[in-house]
Amino acid sequence: MTVKEAVRARTGSAYEVRGGDESRGGDESRDEGEHTPPGTSAATADTPATADTPATPATVAAGRAAQELGLRRSEFELAVHLGLIAVTAGPGSGRPRVHEREIARLREDPGFPDGLAERVRTVGTAEGAALLGIAPARFTRLARAGCVSPVTFYLNRYRAVVWLYLADELASFAVREPELLAGRTPLGMRTMLEAGGDRRARNWRSQRIDRLLKRTADPWARAAVEASALDSAHLAEVVEDPYERAYLARVRPEPVFGRPGSVAARETMGELMLADDPDEILWRRINLTLGLDLAREERPAPHPGDGPGARMTPAPEPTSRVAPPQAQPVAETAPPLSPPAGETPSALREPGGKRLLARLGWRRRSDG
């Protein structure tokens, strides 16, 4: 479907993109060893009930749920990450499971199964450019400028990062910003791109952090999410107490299905998770500092001698403190997911802003 067709369908409130991908819900969506005998319901297969046990909501394994929803396993995991499918922890905090009533709710949707599958359909650069009706090179420039944000990635045979985008979000962008699909690139965007700017990883981090924050209301866990974007040196500057750093590492929420399985993918994700722009680093340090204030008001982090019931984590080795680089202004065109370098957060404009900067350990280098 071209962007013109997408726009026409959107304006008619009947937008739908048909993917030509392979059949869904095959063997790859099944968990190893998960089989249901013929004639056995999901409730009896997964949560056998007896007369002596109280009735509990029936759940099924993730692979079984993906099959019943007509999704490949990767699509199912992405739907959970996006908050489209609710899951619950398995017995003993085991592998996530899905309530049968959640599956029934999704299957009762008028657009099922194509509607759910379309909401998690991802495309790469070539297919995304074809969807928007533009050249792949222009699509890459739009992505680097932050106009469209990747939702996930994979490593190709050369271990290079290949970003993937939600097809539905690309269609929405085409409707919202049609002037960016043709003609000359705006001057501000062109300047940023010529300087080597690339906001794809930053936008991916921002969206990932926002979705993890929505999964928890615990102030320490929320602070831990913000801390995940800082390397050990910056983290030690903001959180000087090693036991607080250890506690943040322990309570940090992870995606429901964890990190990629391969060593190369885990190493790549570890690198991509760290903020690398000076203004982004400063913004994460501010958020972490303010989050720590709320967390400490709620309860202190456990320290040695707090009591036999406190689960202690050995304090990490002291980290050498490295002065962060000076923030440089960055030309922005599309609305960023994190405040741009030229914008001073409201916390810094308050009378106590100077004190906050001192707590952040963010000191500008003197001229010369």
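Helices here are DSSP runs of H or I with at least four residues, strands are runs of E with at least two, and both are numbered from the N terminus. Please keep in mind that this is a predicted model, where local features need pLDDT of at least 70, side-chain atom pairs count only at pLDDT 80 or more, and totals for chains, interfaces and linings use all residues. Residues are numbered from 1 along each chain as its sequence is written, and side-chain values use heavy atoms, leaving out hydrogens and water.

Now H4 itself, residues 73-81. Seven of its nine residues are buried, so H4 is largely enclosed by the rest of the structure. Buried means under 20% relative accessible area, with a 1.4 Å probe and protein chains only. Those residues are Arg73, Glu75, Phe76, Leu78, Ala79, Val80 and His81.

Next, a helix pair. H11 (residues 200-213) and H16 (residues 278-298) have axes that come within 12 Å and cross at roughly 15°; axes are lines fitted to C-alpha atoms over the stretch in contact, with angles from 0 to 180 degrees between N-to-C directions. The two helices are therefore roughly parallel, a label for angles under 35 degrees. Who meets whom? Arg202, Arg205, Ser206 and Ile209 in H11 meet Asp279, Glu280 and Arg284 in H16, where contact means heavy atoms within 4.5 Å.

Finally, the whole protein chain: it has 18 helices and six strands, and buried residues make up 41% of its 368 residues. Thanks, everyone!

Note on methods. Buried < 20%, exposed > 50% of the residue type's maximum accessible area, 1.4 Å probe, protein only. Parallel < 35°, antiparallel > 145°, perpendicular 65-115°, else oblique.
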